[in-house]
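Dear colleague,

Please find below the structure that I am handing over to you. The findings follow directly after it.

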Amino acid sequence: MKQVGSRIRAVLSSRLGFFVLAIVMFWAKTLWVYNTRFSLGVDGAFQKMLLAINPLPTTLLLFGIALYMTGRKSYIAVVIVDAITSTWLFANVLYYREFSDFMTFALMKGSSSVSSNLSIAIAGIIKPGDFLIFLDVLILIVLLVVRYIKMDMRPIKKRFAMLVTAFAVVLFGANLSMAYHDRSGLLTRTFDSNYIVKYLGLNVYTVYDGVRTAQTSAVRAKASASDLKSVKRWIKNNHVPANVSYTGVAKGKNVFVIHLESFQQFLIDFKYEGKEVTPNLNKIYHSSNTLAFDNVFNQVAQGKTSDAELMLENSLYGLSEGSVMSNLGSSNTFEAVPSILDQDGYTTAAFHGDKGSFWNRDNTYKQWGYDYWFSKSYYDVKSDYDMGYGLKDKIFFKQSAQYIEQLPQPFYAKMITLTNHYPYPLDKQNVTDIPKTDTGDKTVDGYLQTAHYLDQSIGEFMAWLKKTGLEKNSMVMFYGDHYGVSSNHNPAMAKLLKIKGYNEYNDAQQQRVPLMFTMPGLKGGINHTYGGEIDVMPTLLNLLGVKDSQYLMFGSDLLAKNRNQTVAFRSGNFVTPELTKVGNHLYDTKTGERIKHPTEAQEKAENAAVNRVTTVLSLSDRVVNGDLLRFYKPSGYTKVDASDYSYKLKTSEDELKKSQKKGTSLLAKNKGKSTVDEYVTDAPELKSGKNSKDSSSDSSSSSSASSAKSASKKSSAK
């Protein structure tokens, strides 16, 4: 045994032996991560073989750099390369666990707009076993420090080093060739990062993403008005007339857009242990005054909430990497709903209990034409009011009342909730009659409780609208922005929803999110058309009677007849009423059965849907990346000048008085009498031995016009 140990030690003490050890350990670790931390959808022996091969080319190439060095530098280089690549692998494991996607340069470029919440998310995501990713680095360091491995100072011939590099390149070429054999157009037509990692590896995906990021920058620099021709042609050829029976039914009404954070459609009418999780939203959903949709899907990518906002208010798709709002929101030209309504006589405002820089809203909202932006700095925030991401929903809605009552009518007000946000924490004092579920998954088990809390806050807000009379003059739109539970939690979702054999088809169907429009006198009902967030803007504008044919929108009115019902996902997958495509697999949407041998009609329908998805995503990307709207002027529309807007916190009585001179705000109509005290909430944080109505003075600063804070457009502009 001693002789065997001595031989092993002698082999490892050679430069080549140490190099091979580092390669083998990193390769084995990467395969472990691929198979236990990522869900890459490996199908069949051939794909398993590719998965086993794909870490080797880049590992040999990167670690092989050390072979060109001499002495200690060579050993140090191996450890440094190992540490850097391991850190990147570790970061992707954490990101993938929650978002089922990989890190990108665009995401990191915009990280300053989301970093405030990152530490909170990581605390709930990280697992002790994740640190095993650094085990091989630690082993190499220990072996060198205790001198079990003695450094071999003999130089490696450059010819050998070059041979290793050449072998790495050849191996990658073979890997790429086999990958294209299994999936043609892998690097040219794919929209899903999982495919690239599955076939070519994480390091190759990183390089691929870097190249695409650079290409995107070049696209903007080279873009010209002529690039709009194909976009306008496609939109014209695919335009569907809006449903005239609904045109203008909400004309002149106030609009409340209620953002239901991480809220999935399955929560509507869902009961746990016999209790409704969302009784208030259920009542709204089934009201005769509510127009509801049960087959609307979220279509977000890495931008998550920001992607949803982009689609809803611009009818443009988010990008496959990063966030448009974070990376391009400060510079791109938009034709957003707030600016369109602003020019139609509306006051526009956005409300959120988090800081204004999150998702770069401080700058993006100026480009979108929001008159007012009430972010965290406008609210009274005490330690128990804040859940880490900002104000709890009940407190947020109550404190927002002081600003809502001052908005000149008609107004458009977007209110972004956040209590129902990953990792779904809810302090004991706010837990009511919905217990935690028992799936054994922390993410899923807290989800129903925070959704129930959100629903309670909605009930309180709607009661205030009715009490103040705003309900009669307003249309309220509710929408879910994206999934609350990612595909990494499918086993727990299967248990919660009691679905046997929960698979990728079920996960695709769970991407449904609520979309509801409610207003007294609105002809309601549940509409079953298939659509996505991209379709909300044209639907909303038609309800408001705003002519929209001059705007470049990739969505269509959800109420229109004979509309195309293909729902495109950023991954390149799609859902239609008949077919659901996930990766290389095709399913019957109605039955969930996998279609292994499609009929001629099914093949034709699949090809048509694939072509539509590929085209619409490519064209939208062209508009966004090239900032093509700067070359386009809709008839009767004035482009937004961001310099006209300022969201700085002020207490200027003159500015507030000016907004009241119109006499159309709720506060002005009440002759200066505030309605904030009429807002009733059972938020325990606001109770100090009083009932919730009497505790309003604890919830916010004074709501009178003379002391409220202003977040307005320049006085010369509106």
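How many aromatic pairs does the structure hold? The structure, which is a predicted model, holds 39 aromatic pairs. Two of these deserve a description.

Among them is the pair of Phe90 and Phe131, which is tilted, with 5.4 Å from centre to centre and 35° between the planes. This pair links distant parts of the chain, 41 residues apart: Phe90 belongs to helix α5 (residues 71-99), whereas Phe131 is found in the loop between α7 (118-125) and α8 (135-145). Phe90 counts as buried because its relative accessibility is 12%, under the limit of 20%. Phe131, at 48% relative accessibility, counts as partly exposed.

Phe256 and Phe411 form another aromatic pair, which is edge-to-face, with 5.3 Å between the centres and 80° between the planes. Because Phe256 lies in strand β1 (residues 254-260) and Phe411 in strand β8 (residues 411-416), the pair ties together parts that are 155 residues apart in sequence. Both Phe256 and Phe411 are buried.

Arg183 lies over the face of Tyr195, at 4.0 Å from the ring centre. Likewise, Arg9 is placed over the face of Tyr148, at 5.2 Å from the centre of the ring.

Lastly, I turn to Thr206, a residue of helix α11 (residues 202-222). Is Thr206 buried or exposed? Thr206 counts as buried because its relative accessibility is 16%. When neighbours within four places in sequence are left aside, Thr206 is in contact with Trp88 and Phe105.

Yours sincerely,
A colleague

Notes. Residues are numbered from 1 along each chain as its sequence is written. This is a predicted model: local features need pLDDT of at least 70, side-chain atom pairs count only at pLDDT 80 or more; totals for chains, interfaces and linings use all residues. Side-chain values use heavy atoms; hydrogens and water are left out. Helices (H or I, at least four residues) and strands (E, at least two) are DSSP runs, numbered from the N terminus. Buried means under 20% relative accessible area, exposed over 50%, partly exposed in between (1.4 Å probe, protein chains only). Contact means heavy atoms within 4.5 Å. Rings of Phe, Tyr and Trp (its six-membered ring) pair if their centres lie within 6.5 Å; planes under 30 degrees apart count as stacked, over 60 as edge-to-face and the rest as tilted. A charge sits over a ring if NZ of Lys or CZ of Arg is within 6 Å of the ring centre and within 35 degrees of the ring normal.
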